[in-house]
Amino acid sequence: VRGARILHVATHAIMDARDPTRSRLLLARFAPDGTPVDGELRAGELGGLGLAAELVVLSACHSATGATVAGEGMLGLHHALLAAGVPHVIATLWSVQDDATARLMAAFYDQLGDDVHAAPRALRAAQRALRADPRYAAPYFWAGFVAYGDAD
């Protein structure tokens, strides 16, 4: 993933409000050969990955939450990615529903095209599209995704 321009992570996240560096993404627990592995990617480890991604989408529940620190704001996975040099991050404020998220992400990537700097606009357009569908009109389905990073 080091050379990926866009990195989309759809998994589970665990936030640690007491120590934001311990917030983590849950990945595979076994290597391809069946050997057990740690399977957790902690916020404190993100800086050491050498990511070149211009956009990281954390399609994981609560991935934009964490510890509130005076003068810094909410520290968690999204903050760790920004601190690691990723200019654009999409993350979630609450538990997101799978079907609605799949629809939202399809619309997001349709809108995004090849311009990662358009991520906030693409997210907003995708949210409006989902909101227009009576099945997903409630903010619960679309408003939990937020864009962080460089403004265009």
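This is a dialogue about a predicted model of a protein.

Biologist: What should I know about the model before I ask about residues?

Modeller: The model is predicted: local features need pLDDT of at least 70, side-chain atom pairs count only at pLDDT 80 or more, and totals for chains, interfaces and linings use all residues. Residues are numbered from 1 along each chain as its sequence is written, and side-chain values use heavy atoms, with hydrogens and water left out.

Biologist: What makes up the secondary structure of the protein?

Modeller: The protein has 4 helices and 9 strands. Helices (H or I, at least four residues) and strands (E, at least two) are DSSP runs, numbered from the N terminus. Along the sequence, the order is β-β-β-β-α-β-β-β-α-β-α-α-β.

Biologist: How do you know whether the radius of gyration agrees with that of a compact globule?

Modeller: The radius of gyration is taken over C-alpha atoms, and the globule rule is 2.2 Å times the number of residues to the power 0.38. For 152 residues a compact globule would have a value near 15 Å; the protein has 15 Å, so the two agree. The C-alpha atoms fill a box of roughly 45 × 40 × 30 Å along the principal axes.

Biologist: What share of the contacts with a separation of 6 or more comes from residues 24 or more positions apart?

Modeller: That share is 63%. Contact means heavy atoms within 4.5 Å.

Biologist: Where is S63, and what does S63 touch?

Modeller: S63 sits in the loop between β5 and β6. Beyond its neighbours within four places in sequence, S63 is in contact with M15, L58, L77, H78, A91 and T92.

Biologist: What stands out about the phi of H62?

Modeller: Phi of H62 is near 60 degrees, a positive value in a residue other than glycine. Most residues other than glycine have a negative phi. H62 lies in the loop between β5 and β6.

Biologist: Why is H62 called partly exposed?

Modeller: The relative accessible area of H62 is 32%, so H62 is partly exposed. F141 has 21%, so F141 is partly exposed too.

Biologist: Where is F141, and which residues does F141 touch?

Modeller: F141 is in the loop between α4 (119–132) and β9 (145–149). Not counting residues up to four places away in sequence, F141 touches Q97, A100, L130, R135 and Y136.

Biologist: How do you know whether D33 is buried or exposed?

Modeller: D33 has 62% relative accessibility, so D33 counts as exposed. D33 is placed in the loop between β3 (24–26) and β4 (40–42). The side chains of D33 and T35 are joined by a polar contact of 2.7 Å.

Biologist: What makes A83 and R18 exposed?

Modeller: A83, in helix α2 (residues 77–83), has a relative accessible area of 62%, so A83 is exposed. R18, in the loop between β2 (12–14) and β3, has 81%, so R18 is exposed.

Biologist: How far from A83 is G47?

Modeller: Their C-alpha atoms are separated by 7.3 Å, and A83 and G47 are 36 residues apart along the chain. R18 and L123 are 105 residues apart along the chain, with their C-alpha atoms separated by 30 Å.

Note on methods. Buried < 20%, exposed > 50% of the residue type's maximum accessible area, 1.4 Å probe, protein only. Polar contact = N/O pair within 3.5 Å; in protein donor to acceptor, adjacent residues only side chain to side chain.
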